Amino acid sequence: MGKFTGHSITSDSALGSAVIQRSLRFNRADEAYLETTLGLGNPYTWTLSIWVKKAVNGEHQAILASGDSSVYTMVNFGNSDRLKFTNWPGSNAGVYITTRKFRDPSAWYHIVAIWDSNNSTAGDRMRLYVNGVEETAFDQSDNPNQSQGSVMNTNDAGGSDWGEGKHRIGRFSNYTDYTGCYYAEVNFVDGQAYDPSYFGFTDGQTGIWMPKRYEGVYGSNGFRLDFSDNSSTS
């Protein structure tokens, strides 16, 4: 079961900041996750923006995933606490695994994952940002081919009961790698490759990366989850 919490992310700056009043914590032992089935979106261009507080270390924890173990796209923390962004449509077609580890249970991490495989620059076809800064140090970095489709943001890939449009926050396929994280202010944008400046900014007084209201379009498959409705935890 997920639990709504009062963990707020606030800013004293008036420069377009947004106050995140609630997050949703996924209790790992309860095997909690969110799932939806999306339609046929743009499998070549999309952006995920999400705020994450990582309460559990040393375990696989899916942030957003679609597909099963043989055909999938996933953003997750690995069991070595590294951030991973993987596209595997039957074989490696893009993977980033950060060198640095994420282990601070008190920190909020703003993660932006961009899939932009039509980009002519190989190193820009998939990108990872944390708190407004692009990750450039990787234990593994393999760029996808140009115009490589992802399993995510489409309904005609992934196979089995775990693909074909099914997307999950907090779980990967039928595996038991449930998350134990807090999640807040989730934005998924279909058809656009947007850098973190669309979702956050550096507070000029504190130097801290803060949330910003996203005011763009979402596309046919896009969505926002702000977890403001705490009337139910089912």
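Over which residues does the pLDDT stay under 50, and how many contacts beyond four places in sequence does the model have for them?

1. Confidence. The model is a predicted one. The stretch in question is residues 1-8, where the pLDDT stays under 50 and for which the model has 37 contacts beyond four places in sequence. A further stretch, residues 10-15, also has a pLDDT below 50, and the model gives this stretch 10 contacts beyond near neighbours in sequence. For the protein chain as a whole, the average pLDDT is 89, and 89% of the residues score at least 70.

2. Overall architecture. The protein chain contains 17 strands and 0 helices. Its length is 234 residues, of which 50% count as buried. Where contacts in the protein chain join residues at least 6 apart in sequence, 67% of them are between residues at least 24 apart.

3. Salt bridges, and the pair Arg 103 and Asp 81. The count of salt bridges comes to 8. One of these joins the side chains of Arg 103 and Asp 81, with an N to O distance of 2.9 Å. The two residues belong to distant parts of the chain, 22 residues apart: Arg 103 sits in the loop between β8 (95-101) and β9 (108-116), and Asp 81 in the loop between β6 (71-77) and β7 (82-89). Their surroundings may be described separately. Arg 103 counts as partly exposed because its relative accessibility is 45%, whereas Asp 81, at 3% relative accessibility, counts as buried.

4. The pair Arg 127 and Asp 116. A salt bridge also forms between Arg 127 and Asp 116, whose closest N and O atoms are 3.4 Å apart. This pair, too, links distant parts of the chain, with Arg 127 in strand β10 (residues 126-130) and Asp 116 in strand β9, 11 residues apart. Is Arg 127 buried or exposed? Arg 127 counts as buried, since its relative accessibility is 12%. Asp 116 is likewise buried, its relative accessible area being 12%.

5. The side chains of Asp 226 and Arg 224 form a salt bridge at 3.7 Å, N to O. Asp 226 counts as partly exposed at 29% relative accessibility, and Arg 224 counts as partly exposed at 45%. Elsewhere, salt bridges with shared partners connect Lys 54, Asp 81 and Arg 103 in one network.

6. The second largest pocket. How much space lies in the second largest pocket? The figure is about 160 Å³. Its lining consists of Leu 34, Glu 35, Thr 36, Leu 64, His 167, Arg 168, Ile 169, Phe 223, Leu 225, Asp 226 and Phe 227. Strands β3 (34-37), β13 (166-169) and β17 (223-225) are the elements that each contribute two or more residues to this lining. Sorted by class, the lining comprises 6 nonpolar, 2 polar and 3 charged residues. Asp 226, named among the lining residues, is also a partner in the salt bridge with Arg 224.

7. Gly 58. This residue lies in the loop between β4 (45-53) and β5 (61-67). At 34% relative accessibility, Gly 58 is classed as partly exposed. Apart from neighbours within four places in sequence, Gly 58 makes contact with Asn 79 and Asp 81. The C-alpha atoms of Gly 58 and Arg 82 are 9.4 Å apart in space, while the two residues are 24 apart in sequence.

8. Asn 76. Strand β6 holds Asn 76, which counts as buried because its relative accessibility is 2%. Which residues is Asn 76 in contact with, leaving aside its neighbours within four places in sequence? They are His 60, Gln 61, Ala 62, Ile 63, Arg 82, Leu 83 and Lys 84.

9. Phe 172. The loop between β13 and β14 (182-190) is the place of Phe 172. Not counting residues up to four places away in sequence, Phe 172 touches Ala 62, Ala 65, Gly 67, Asp 68, Ser 69, Tyr 72, Met 74 and Asp 177. The C-alpha atoms of Phe 172 and Trp 162 are separated by 8.6 Å, the residues being 10 apart along the chain.

How values were computed:
Residues are numbered from 1 along each chain as its sequence is written. This is a predicted model: local features need pLDDT of at least 70, side-chain atom pairs count only at pLDDT 80 or more; totals for chains, interfaces and linings use all residues. Side-chain values use heavy atoms; hydrogens and water are left out. A salt bridge is a side-chain nitrogen of Lys or Arg within 4 Å of a carboxyl oxygen of Asp or Glu. Helices (H or I, at least four residues) and strands (E, at least two) are DSSP runs, numbered from the N terminus. Buried means under 20% relative accessible area, exposed over 50%, partly exposed in between (1.4 Å probe, protein chains only). On a 1 Å grid over the protein atoms alone, a cavity is a set of points where a 1.4 Å probe fits but cannot get out, and a pocket is an open set with protein on both sides within 12 Å along at least five of seven lines; lining residues have an atom within 4 Å of a point. Grid points are joined across faces, edges and corners, and a volume is the space filled by probe spheres set on the points. Ala, Val, Leu, Ile, Met, Phe, Trp, Tyr, Cys and Pro count as nonpolar, Asp, Glu, Lys and Arg as charged, and the others, Gly among them, as polar. pLDDT is the predictor's confidence in each residue, from 0 to 100. Contact means heavy atoms within 4.5 Å.
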